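User: I am new to this structure and would like to learn how to read its features one at a time. Could you take me through them slowly, giving the general idea before each case?

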Amino acid sequence: DSRAKIRVAVPPLEVQREIVGVLDLEAELEAELEAELEAELEARRRQYKHYRGLLLAEASDGATRVQLGALGRVVTGRTPRSSEPLAWGGDLDFVTPSDIKNGMRLIAGTNRRLSEVGAAAMAKVRIPAQSLLVTCIGADMGKTVINANDCVPNQQINAIIPEVSFNLGYMFHVLTEMRQRLRVQGEQGGGTAWAKTSKQVGD
């Protein structure tokens, strides 16, 4: 067996113990530092969420209330049939909830892409860049992101294609802050009805 012929250095036991002691200490320090950094990061996340809520609450005082559906055209995505292998492998982003990470604001790439054939088949649900994508089904319901490129979302995502004037970044923060409410509304409405209800932004 060639593995039995592999040679390893075996210094005196005293040297071995010294090396292990140094490396174990470094590993412990690294673990402690990682824990401290994670705790600080979590504290900053909580602080950010707190101030976001305050700022948006202040901005909503006296602001005009509009239905989500009034912001633009609402489109629910679709997925090409599995029997259409030529639909895949091109340049058009195909967005699924797993592509949208927590804390993500702009999605500029996806795990899968559609070919020209797939894009043509999904033309009715092709979403132009700078729209709002909101997951509407499953455990990830309520995640919001802005698409950097034209894309096709799957059926677990509702898109709002802006048709009135508003700041896209501001509405991203509003919907992100409303995530729990969107989840509840989606669960009550069968997952995809939230954008068509009377729920108003800022309520």
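User: Let me begin with a single side chain: is Arg-113 buried, partly exposed or exposed?

Analyst: Please keep in mind throughout that this is a predicted model. The general idea is to look at the relative accessible area, where under 20% means buried and over 50% means exposed, with partly exposed in between. Arg-113 has a relative accessible area of 31%, so Arg-113 is partly exposed.

User: Which residue does the side chain of Arg-113 meet in a salt bridge?

Analyst: A salt bridge here needs a side-chain nitrogen of Lys or Arg within 4 Å of a carboxyl oxygen of Asp or Glu. Arg-113 meets Asp-93 in this way, with a distance of 3.2 Å from N to O. Because Arg-113 belongs to strand E5 and Asp-93 to strand E3, the pair ties together parts that are 20 residues apart in sequence. Asp-93, for its part, is buried, its relative accessible area being 4%.

User: In what order do the strands of the sheet with E5 and E3 stand?

Analyst: This is an open sheet of 3 strands in the order E5-E3-E8, and its pairing is mixed. Strand E5 (112-114) and strand E8 (151-153) are the edge strands, each pairing on one side only. On average, neighbouring strands of this sheet are turned by 65 degrees against each other, with direction ignored. Strand E3, which covers residues 88-95, pairs with E8 in the parallel sense over 3 bridges, and Phe-94 stands opposite Val-152 in E8.

User: What is the order of strands in the open sheet of 5 strands?

Analyst: As a general point, strands of a sheet pair through backbone hydrogen bonds, and they may do so in a parallel or an antiparallel way. In the open sheet of 5 strands the order is E2-E9-E6-E7-E4, and the pairing is mixed. Strand E2 (72-76) and strand E4 (106-107) stand at the edges with a single partner strand each, so one side of each has no neighbour in the sheet. Between E2 and strand E9 (residues 157-162), which run antiparallel, there are 5 bridges, and Thr-76 has Asn-158 in E9 as its bridge partner.

User: How does strand E6 pair with E7 and E9?

Analyst: E6 and E7 pair in the antiparallel sense over 3 bridges, while E6 and E9 also run antiparallel and are joined by 4 bridges. Leu-133 lets you follow both pairings, for Leu-133 stands opposite Val-145 in E7 and has Ala-159 as its bridge partner in E9.

User: Which residues of E6 are buried on one side and on the other?

Analyst: The general idea is to look at each face of the strand separately. Leu-132 and Val-134 are buried on one side of E6, and Leu-133 and Thr-135 are buried on the other, so that both faces are covered. Helix H3 (residues 168-177) lies across strand E6 (132-135), strand E7 (144-147) and E9, and it runs at about 155 degrees to E7.

User: What does Thr-144 touch, leaving out residues up to four places away in sequence?

Analyst: Thr-144, which has its place in strand E7, touches Met-104, Leu-132, Leu-133, Val-134, Phe-172, Leu-175 and Thr-176. With a relative accessibility of 5%, Thr-144 counts as buried.

User: Where do Arg-52 and Glu-177, which form a salt bridge, lie?

Analyst: The closest N and O atoms of Arg-52 and Glu-177 are 2.8 Å apart. Arg-52 counts as buried at 14% relative accessibility, whereas Glu-177, at 34%, counts as partly exposed.

User: How far apart in helix H1 are Glu-42 and Arg-46?

Analyst: Glu-42 and Arg-46 are 4 residues apart in helix H1, which means that about one helical turn separates them. Their side chains meet in a salt bridge of 3.8 Å, N to O, and a network of salt bridges links Glu-38, Glu-42, Arg-45 and Arg-46.

User: Which residues form a nonpolar patch on the surface?

Analyst: The patch is formed by Val-15, Ile-19, Val-22 and Leu-23, which together have about 340 Å² of accessible area. Val-15 has its place in helix H1 (residues 13-60) and is partly exposed, with a relative accessible area of 33%.

Methods:
Residues numbered from 1 in each chain as written. Predicted model: local features only at pLDDT ≥ 70, side-chain atom pairs only at ≥ 80, totals over all residues. Heavy atoms only, no water. Pairing = 2+ DSSP bridges. Helix = DSSP H or I, 4+ residues; strand = E, 2+ residues; numbered from the N terminus. Contact = heavy atoms within 4.5 Å. Axes fitted to C-alpha atoms, helices over the stretch in contact; angles between N-to-C directions. Buried < 20%, exposed > 50% of the residue type's maximum accessible area, 1.4 Å probe, protein only. Patch = residues over 30% accessible without salt bridge, like charges linked within 9 Å, V, L, I, M, F, W, Y side chains within 5 Å. Areas by Shrake-Rupley, 256 points an atom, 1.4 Å probe, with all protein chains shown as cover.
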